[in-house]
Amino acid sequence: MKSEDTPFEGGPLDGRVLPVLLGPTGHPPKVYRVPVPDNAGGPPTVLVYRRVQSGTSRRLALHQGWKYEYDPTDTSGGRLRWPWSKPAIKPDATPDGKSDDTDE
């Protein structure tokens, strides 16, 4: 399998360059999850990094490569989201989309 040295920005892996396996299209995965074991023996913490474009060339604006940026607010839970799936429910949303009238 092919791999590519990919830089990581933000979070605990900031500044590191790690080899990431490439998919069948020659691109690294869109989301890179790193499980970090808990010292107390609890469930591991998962760090989420999202793939972004590393840069563009000056003249033709060609793609220069990929890098991963830390995403501390990931709420996907590792599930695939298909285009026909229902939208994800936000935890701060009120039921039925009605406004919260408790302050009136």
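Author: Accessible areas here come from the Shrake-Rupley method with a 1.4 Å probe, and for residues only the protein chains shown count as cover. On that basis the protein chain exposes about 8,700 Å², of which carbon and sulfur atoms supply 54%. This is a predicted model, in which local features need pLDDT of at least 70, side-chain atom pairs count only at pLDDT 80 or more, and totals for chains, interfaces and linings use all residues. Residues are numbered from 1 along each chain as its sequence is written, and side-chain values use heavy atoms, with hydrogens and water left out.

Reader: Why does Trp 82 count as partly exposed?

Author: Buried means under 20% relative accessible area, exposed over 50%, and partly exposed in between (1.4 Å probe, protein chains only). Trp 82 has 47% relative accessibility, and therefore counts as partly exposed. Its place is in the segment after strand S5 (66–70).

Reader: What share of the 104 residues in the protein chain is buried?

Author: Buried residues make up 17% of them.

Reader: Which strands stand at the edges of the sheet?

Author: Strands are DSSP runs (E, at least two residues), numbered from the N terminus, and two of them pair if DSSP finds at least two bridges between them. Five strands form an open sheet with mixed pairing, in the order S2-S1-S5-S4-S3. Strand S2 (17–21) and strand S3 (31–36) each have a single partner strand, so one side of each is left without a neighbour in the sheet.

Reader: How many bridges join strand S1 (residues 3–9) to S5?

Author: Two bridges join these strands, which run parallel. Phe 8 stands opposite Tyr 68 in S5.

Definitions and conventions. Helix = DSSP H or I, 4+ residues; strand = E, 2+ residues; numbered from the N terminus.
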